[in-house]
Amino acid sequence: MSSGITALKKKVIVTNIESGARLTKKGIIIPDDDGKERGIRPRWCQVYAVGDDIDDIKVGDWILVSHGRWRSEEHT
């Protein structure tokens with residue numbers, strides 16, 4: 001996963017962030033949140049770039065990012 005994008009210091013850039021409804025092993029559907037009204041849940045995502053000050057995460061790892069610790073950037 002060679003990127004050309006560099007994360008700074010203690011920052012991590014992620015991709016493949018989990019979205020949409022989820023289905024539990026027992027068949028319960030957990031609807032997607034809207035990020036505003038219905039609360040943001042933790043999400044799994046794949047590490048795309050890692051800052052120099054981070055030693056315990058590497059590019060390609062899957063991490064769970066908790067609510068309030070991520071934001072989405074959409075480019076048009």
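1. The chain has five strands and zero helices, and its pattern along the sequence reads β-β-β-β-β. Helices (H or I, at least four residues) and strands (E, at least two) are DSSP runs, numbered from the N terminus.

2. A word on the basis: this is a predicted model, where local features need pLDDT of at least 70, side-chain atom pairs count only at pLDDT 80 or more, and totals for chains, interfaces and linings use all residues. Residues are numbered from 1 along each chain as its sequence is written, and side-chain values use heavy atoms, with hydrogens and water left out.

3. Of the 76 residues in the chain, 16% count as buried (under 20% relative accessible area; exposed is over 50%, partly exposed in between, with a 1.4 Å probe and protein chains only).

4. Strand β4 holds glutamine 46, which counts as buried because its relative accessibility is 13%. Its side chain makes a polar contact of 2.7 Å with that of asparagine 16 (a pair of N or O atoms within 3.5 Å; within protein, one must be able to donate a hydrogen and the other to accept it, and residues adjacent in sequence count only if both atoms are side-chain atoms).

5. Tryptophan 44 is also placed in strand β4. With a relative accessible area of 44%, tryptophan 44 is partly exposed.

6. Where is aspartate 56 placed? Aspartate 56 is in the loop between β4 (43–50) and β5 (62–65), and it counts as exposed because its relative accessibility is 67%.
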